[in-house]
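Hi everyone, thanks for having me.

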Amino acid sequence: MPEYDHSAAWQPRMTDDEATAEARRIIADAYQPAPETPTAYRDTSPLPAYGDTPPVLQPDRRIVPAWAAGTAVAGIGVGAAFVGVGCGLWLACQGFAAVSLTSVLFVTLPIAAVAGVFTAIGTALRSLKGVHTEHHHHYRGPVRQENTTTKSYGVVARTRNEHHG
């Protein structure tokens, strides 16, 4: 009859030889190579010679069109220029010849406003150069291409889709 340790939760004791064998078994199991499981699968079956073309992901990294971003930057520049001109006029009304911070700002703010306008115009022109809408598509086999134009008009928007085949 095996000897029991009554302080443990009802577990029989192992002999030293059994404990050594069990430890070797656990260590050997831990160092076994993991079974190879595939993490991806690629279907290599050939595509049909005719018929529908399977969809292909065509990512577009642009979030905002270049012309819209340029217009926004130009608008911010023009707005900042008007604020600068307005501040310059206000300072001019406060005191024309006082040698103080006011007179220094009176001289420098209009210059900064003009520089802001030129910056906004330059940014808008640079963004217009970046607008390029030409696309090239390369296909193999017969392809049907549909172009749909969407027009929304009216106080309550009504959408009419026109098909150009």
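**Salt bridges and a pocket**

So, searching the whole structure turns up 2 salt bridges, where a salt bridge is a side-chain nitrogen of Lys or Arg within 4 Å of a carboxyl oxygen of Asp or Glu. Quick background: this is a predicted model, where local features need pLDDT of at least 70, side-chain atom pairs count only at pLDDT 80 or more, and totals for chains, interfaces and linings use all residues. Residues are numbered from 1 along each chain as its sequence is written, and side-chain values use heavy atoms, with hydrogens and water left out.

Okay, which residue pairs up with Glu22 in a salt bridge? That's Arg25, with the closest N and O atoms 2.6 Å apart. Arg25 also meets Asp29 in a salt bridge, at 3.0 Å from N to O. Put together, Glu22, Arg25 and Asp29 form a linked network of salt bridges.

Now the pocket. The largest pocket holds about 680 Å³ of space. A pocket here is an open set of points on a 1 Å grid over the protein atoms alone, where a 1.4 Å probe fits, with protein on both sides within 12 Å along at least five of seven lines; lining residues have an atom within 4 Å of a point. The volume is the space filled by probe spheres set on the points, which are joined across faces, edges and corners. There are 18 lining residues, and Thr53, Pro54, Tyr139, Arg140 and Val143 sit closest to the centre of this pocket.
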